[in-house]
Amino acid sequence: MTDINTRALDRELKRGSAELLILSVLEARPRHGYDLGKLIHARSGGQLSFHIDSLYPLLYRLEERGWITGRWVERPGERRRRFYKVTAEGRRVLAQQKRTWAAFVEAVRRVTGAEHA
Amino acid sequence: LSSLHLSPAREREIVEELSQHLDDRWEELVAGGTSADEATQAALTEFRGGDVLAKYMTPLRQAHAASPLTPGAPAGHLLAALSQDLRHAARTLRQQPGFSAVAVLTLALGIGATTAIFSVVYGVLLKPLPFEEPDRLVSVRHRAPGFNTATLPQSAATYFTYRDHARVFEEIGLWRVQEVTIARGGTPEPEQALRVTDGLLPLLRVRPFLGALFRTEDVAPGAPNRVLLTYGYWRRAFGASRDVVGRLLMIDGSPYDVAGVLPASFKFLETRAAVLLPLPLNRTQASALGGFGPSGVARLKPGVTLAEASDDIARMIPLIPEQFPLQPPETREMWEGVGLAPNVIPLSEIVIGQIGRSLWILFGAVGVVLLMAWANVANLLLVRAEARRQEFAVRTAVGASHGRIAAALVSESLVLGMAGGTAGVLLARAGVGLLRQMAPVGLPRVDDIAVDGVTLLFTLTLSIATALLFGLLPAVTFGRLDFNLLKDAGRSASTAPGQHRTRNMLVVAQVALALVLLIVSGLMIRTFVAMRRVQPGYVRPAEVQTFRVRVPPTLIREPQQLARLYEEIVDRLVQVPGVDAAGLARSIGMDAATLGAPIAVEDRPVPGTPPTRHVKPIAPGYFETMGNPVVAGRTLTWTDIHHAAPVALISENLAREYWGEPSKALGKRISGPDGWLEVVGVVGDERLNGLNQPAPTIVYWPMENNRDMAYVVRSVRVGRPGFLRELQQAVWSVNPNLPLAAVRTLDEIEADSMASTSFAMVMLAISASVALLLGLVGIYGVIRYIAAQRTNEIGIRMALGAQTGDVRRLFLRHGIVLTLTGITLGLGAAVLLTRVMSALLFEVTPLDTVTYAAASVLLAAVALLATYLPARRASGIDPIVALRSGM
């Protein structure tokens, strides 16, 4: 939640890797925005944290691209919440991005691994 | 956020989502031990504000969707915003199916009932008559104090005088309904004929569908017989054959030339004529005081008012005895005594008659039901708006104006109103179908009742008015919101006193309205019961079969033979197995076909015209069959009839009027058609004009040359299969050319006379039941809501030692105060309002104490129940749970 992290994430946002983050978290099951933010925060061990005013525009952008869809869900005794889930198109993009990412990580590992080897 | 130009619906969703997020964050912080105020600060600090959000949102397509809703923006944008608002509202409501269903159903009930009754009011009272320029058509009748009537019709003398001398009429015509027998394919069939003068159809602007209308020479005495067919009869009797003009039709045994066919659209007032015949009037034999019978219709010249028409008639009345001299025994003194004066009313009004007032009262009653439905839905919306205060606060925080929030609220209620209206129209359609089924026979223009364009316009207006009312109520109540609400968002927000007051007022109003309806329907029920208790002049009406038999002159010409024929039919009827008695009279109990005549009494002479009495020609067997007792003297015998004995019977009330005791009337003489008649018997009173009218004084003459008589037959077999056929066979065994007309049981005639009362009673009872139900729901809802609001308080009270009973009493007291206030107001309103219905009541005053007390007790009991249920629930609260939920 530090400024550095935030700024780093904002940069990542522009590069598009934050999109991968969201898509992969939503892949398992639909979640609402707050839940999503908390989960990313928790899974990154507190390293990654979304601001409310950057998280939602990002969600809306993914939705506009047709990669995720938001749906209002009402539960008894609760206010309704907007749950997002990954679309078929989103899954395709995610798979593609994961491959790219894996390839990139593998490339980095080889380069750095070679250095340390 | 407003700089983004989002569509309003989208903006609302984003606001909702963001506020959810802030809420969740706040709760998490509080759960983690942060104080509420710090948590609010922290949550808001993390939300860096609309600017950052806007920066990220700007590249998105949706940020360019629509321009914002601004006051004074061009209409196109406003409409676009409205349609988006509506779509969003519909979605919001779909997500709360329980609330929406209750609101829509309540509205549908109110709007549906109002629409149904409006369609009746419109069809019967307001819809113009189906003629060109119907507002220029008037009914021309006379007031005649000497004849004790305000509705004396026309005679040949008045008709010719007005036709010759009127300055205000474009044209005047006379008409009269007559039952005729038309022989078609050998079988005689009773049909209704409408006799008209030559001017009547032209003045109604009726054009023939085939052939030609009547000419002036057709109505002259001795003119060749010509007949016009109505469209329906033409299709029925002639299979819509085009070459019908000039063909012959046997009517009452005489041949008539078919002159033409009227268009399908022709419908004259309440007549159901098959054919139209000329109404012949003899100018040379007309006398100023004789022959009043046919009704008069005139078309006023353009621009002429009713008052001017009356003045013109008043001017012409003195001309009548000059043009048509009085014929002995008529005297100038009698003419003066009659006091003929004009009575001109719009033609549409003579159709409506008594029923108008009932319908307006019914309309008022369903209007009250609608008000109650409104109050309930308004309550629901208030509760809902309250629950959404936090949402409104967040929206306000991110830049939504009060106008925007109000627009959202109004959109939602508009969707509710429209859904309620649509469901209401469906209900109304079903209701109108039902109404037309159960409408009293006396209800005029039943065919004109429909859910049509005008009705739909009415419903649309009603729905929109509903919507605006509801949308604005919470919008105004919650207009002043401040940012501080964010702090206690979602907590046990204590309700402002103002909102409690609004809701309490709604409940009080509902109780008051329900009480008025209960009292009104209670009065109608008491009237109905009182009517069932009167002595109508007959017993066990379900066992009396009635029918009319007409004997045309072509069948039997001699009056002596006529009486023998009637007697023979009676003889055959009593031979039918199961028949106890049979008799006949000019008219049956309450079918109002009797005539009035001034009757002089020999030993009680009065100056001028003697009072008018009902006159009913009868034949033996009538009273015995009806079950009306002979109080003194004897009844008629066939010998009296055959020898035209100068005797008469009178009703008990007439005997008491003159001689105090029935037996003292015997042997006295009263005036008859040809001199004095001796009173030989006194019979029980008969209610001729309906059970709710006082019994008239009646003179019974032995029937003379009457060619249209009503038979009464008493038997336990009435209504059983085959019985009617046996009666018909009995009549045909005397003469096979006599059809049975107007076949009804006495029970049915009585039901008709009570129909408008029972119609009003049933409708008002339904309205009152719905009102009671709505009131119950209203009170229950409010007490229940207040109990829920005060859960925390109850918990504290109980933790501090309050007993279950104390808590219960707390709410009961609240409910009782509301109920008693409502009942007090309702009683006051009922005292003022029930006065308008006094004309509908019978032997019950509009201020009937029993009804008022019973209605109040019933309502109080229901209200108490509606209060008790939520109160018991509230007192069952576990203090621990209550306090925790209230943290």
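## Close-up views of a predicted model

**View 1. Helix α18(B) passes helix α23(B) in a right-handed crossing.** In this predicted model, helix α18, which covers residues 559-575 of chain B, packs against helix α23, residues 723-734 of chain B, at an angle of about 140°, and their axes lie 9 Å apart. Angles over 145 degrees would count as roughly antiparallel, and α18(B) and α23(B) are therefore oblique to each other. From α18(B), the residues L565(B), E568(B), I569(B), R572(B) and L573(B) take part in the contact, where they meet L727(B), A730(B), V731(B), S733(B) and V734(B) of α23(B). Sorted by class, this contact between α18(B) and α23(B) is made up of 7 nonpolar, 1 polar and 2 charged residues.

**View 2. Helices α26(B) and α27(B) pack at an angle of about 155°.** The axes of α26(B) and α27(B) are 8 Å apart at this angle of about 155°, which makes α26(B) roughly antiparallel to α27(B). The crossing in which α26(B) passes α27(B) is right-handed. The α26(B) side of the contact consists of T804(B), V807(B), R808(B), F811(B), L812(B), G815(B), I816(B), T819(B), I823(B), L827(B), A830(B) and V831(B), while α27(B) contributes Y852(B), S856(B), L859(B), A860(B), A863(B), L864(B), T867(B), Y868(B), A871(B), R872(B), A874(B) and S875(B). By class, 16 nonpolar, 6 polar and 2 charged residues form the contact of α26(B) with α27(B).

**View 3. E843(B) has a positive phi in the loop between α26 and α27 of chain B.** Most residues other than glycine have a negative phi. E843(B) is not a glycine, yet its phi is positive, at about 55°. The loop that holds E843(B) runs between α26 (804-833) and α27 (849-875) of chain B. With a relative accessibility of 62%, E843(B) counts as exposed, because the limit for that class is over 50%.

**View 4. A240(B) has a positive phi in the loop between α8 and β7 of chain B.** A240(B) is not a glycine either, and its phi is positive at about 60°. This residue, A240(B), sits in the loop between α8 (231-238) and β7 (248-251) of chain B. A240(B) has a relative accessible area of 29%, so that it is classed as partly exposed.

**View 5. I588(B) is a buried residue in the loop between β13 and β14 of chain B.** The loop in question lies between β13 (579-585) and β14 (595-598) of chain B. The relative accessible area of I588(B) is 2%, and I588(B) is therefore buried, since buried means under 20%. Leaving aside residues up to four places away in sequence, I588(B) touches T546(B), K616(B), Y622(B), M626(B), A710(B), Y711(B), V712(B), L746(B) and I749(B).

**View 6. Chain A contains 5 helices and 3 strands.** Along the sequence of chain A, these elements follow the pattern α-α-β-α-α-β-β-α. Chain A has 117 residues, of which 44% are buried.

Technical notes. Residues numbered from 1 in each chain as written. Chains lettered and ligands numbered in written order. Predicted model: local features only at pLDDT ≥ 70, side-chain atom pairs only at ≥ 80, totals over all residues. Heavy atoms only, no water. Helix = DSSP H or I, 4+ residues; strand = E, 2+ residues; numbered from the N terminus. Buried < 20%, exposed > 50% of the residue type's maximum accessible area, 1.4 Å probe, protein only. Axes fitted to C-alpha atoms, helices over the stretch in contact; angles between N-to-C directions. Parallel < 35°, antiparallel > 145°, perpendicular 65-115°, else oblique. Left-handed = near helix turned anticlockwise from the far one by under 90°. Contact = heavy atoms within 4.5 Å. Nonpolar A, V, L, I, M, F, W, Y, C, P; charged D, E, K, R; others polar.
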